[in-house]
Amino acid sequence: MRALILNGPNLKRLDLREKGIYGDFDYAALEKFVTNAGQDLGIETEIRQTDDEAELIGWLHEAADKKLPVIINPAAFTHYSYAIRDAVVMLKAPVIEVHLSNPLSREEFRHTSVVSGVVNGTISGFGLNSYRLALIAMKNLLADLAN
Ligand code: DQA
C-alpha cells in the first residue's frame, strides 16, 4: 500500500511560523512522524512539499495517472485555488484533506475550503496527529475498495 502525502506553501517553514497554532516542530519532524505513522500502518508514504501551485498540480496529475491515493494539506491554496480543486477532482484513488490547525476556529478567510467538497474527507485541528488519522482513514478506505 502506497500513498502520496502532498504539502502546500509555507509548510517547510513550520519551525519559523506561528508555533502556538501549528505546534513546536519543524518540517523534518513532520516528515519523520508521517513516515513512522505510515510504517506502523503498513503504508509506504512519499512525502513532498512545494510553495508552487503549478508543481502541486503536476504532482496531482502524476497521482491521477498512477492511480495513487493522496493525503493533501493544500495550506493556503485550500482557501482559494480552484486549480488545485480541479486537479483533485481528476484523482482516481481516495484523497483526504488534512490540516494541522483547525481553520474553522481561525480567521474568516480560512473558513472556506474549495477542496473539501471534492475529497473523501477532511481531518483538521489535531496537529501532527491529523496526518496519522488521515493515514488510518486511508487504510480503511483502501481496504473497503479491495473488498
Ligand atoms: C493549514 C491551514 C491553512 O489555513 C494555512 O494557510 C496553512 C496551514 C494547516 O495545516 O493548518 O498554511 O493548512
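# A walk around a predicted model

Visitor: How many aromatic pairs does a search of the whole structure find?
Guide: Keep in mind that we're looking at a predicted model here. Searching the whole structure for aromatic pairs gives a count of 1.

Visitor: Is the pair of Phe-77 and Tyr-80 stacked or edge-to-face?
Guide: Look at the two rings: their centres are 6.1 Å apart, and their planes meet at 75 degrees. Planes over 60 degrees apart count as edge-to-face. So the pair of Phe-77 and Tyr-80 is edge-to-face.

Visitor: And is Phe-77 buried or exposed?
Guide: The relative accessibility of Phe-77 is 5%. Anything under 20% counts as buried. Phe-77 is therefore buried.

Visitor: Let's move to the helices. Are H3 and H4 roughly parallel or roughly antiparallel?
Guide: Helix H3 covers residues 53-66 and helix H4 covers residues 82-89, and their axes are 9 Å apart. The two pack at an angle of about 10 degrees. Angles under 35 degrees count as roughly parallel. That is why H3 and H4 are called roughly parallel.

Visitor: Which residues of H4 make the contact with H3?
Guide: On the H3 side you'll find Glu-53, Leu-56, Ile-57, Leu-60 and His-61. By class, the contact has 7 nonpolar, 1 polar and 1 charged residues. From H4 come Ala-83, Ile-84, Ala-87 and Val-88.

Visitor: I'd like to zoom in on Ala-83. How far is Ala-83 from Ile-57 in space?
Guide: Ala-83 sits in helix H4, and its relative accessibility of 35% makes it partly exposed. Setting aside neighbours within four places in sequence, Ala-83 is in contact with Glu-53 and Ile-57. Ala-83 and Ile-57 are 26 residues apart in sequence, yet from C-alpha to C-alpha the distance is 7.5 Å.

Visitor: Which residues touch the most other members of the largest nonpolar core?
Guide: That core has 25 residues. S1, helix H2 (27-41), strand S4 (95-99) and helix H5 (129-146) each supply at least two of its residues. The ones touching the most other members are Ile-5, Leu-30, Ile-71, Leu-100, Tyr-131 and Leu-135.

Visitor: How many residues are in the second, separate core?
Guide: Among its members are Leu-4, Ile-57, Leu-60 and Ile-72. Ile-57 and Leu-60 also turn up in the contact of H3 with H4. The size of this second core is 20 residues.

Visitor: Back to Ile-5: which residues does Ile-5 touch?
Guide: We leave out residues up to four places away in sequence. What remains is Val-34, Thr-45, Glu-46, Ile-47, Arg-48, Ile-71, Tyr-131 and Leu-135.

Visitor: What is the phi of Asn-10?
Guide: Asn-10 is in the loop between strand S1 (2-7) and helix H1 (19-22). With 40% relative accessibility, Asn-10 counts as partly exposed. Asn-10 is not a glycine, but its phi is positive, at about 75 degrees.

Visitor: Which residues is Glu-18 in contact with, leaving aside its neighbours within four places in sequence?
Guide: Glu-18 is also placed in the loop between S1 and H1, and a relative accessible area of 39% makes Glu-18 partly exposed. Its phi is positive too, near 35 degrees. With the sequence neighbours left aside, the contacts of Glu-18 are Gly-23 and Arg-106.

Note on methods. Residues numbered from 1 in each chain as written. Predicted model: local features only at pLDDT ≥ 70, side-chain atom pairs only at ≥ 80, totals over all residues. Heavy atoms only, no water. Axes fitted to C-alpha atoms, helices over the stretch in contact; angles between N-to-C directions. Helix = DSSP H or I, 4+ residues; strand = E, 2+ residues; numbered from the N terminus. Parallel < 35°, antiparallel > 145°, perpendicular 65-115°, else oblique. Contact = heavy atoms within 4.5 Å. Nonpolar A, V, L, I, M, F, W, Y, C, P; charged D, E, K, R; others polar. Phe/Tyr/Trp six-rings, centres within 6.5 Å; stacked < 30°, edge-to-face > 60°. Buried < 20%, exposed > 50% of the residue type's maximum accessible area, 1.4 Å probe, protein only. Core = buried A, V, L, I, M, F, W, Y, C linked by side-chain atoms within 4.5 Å.
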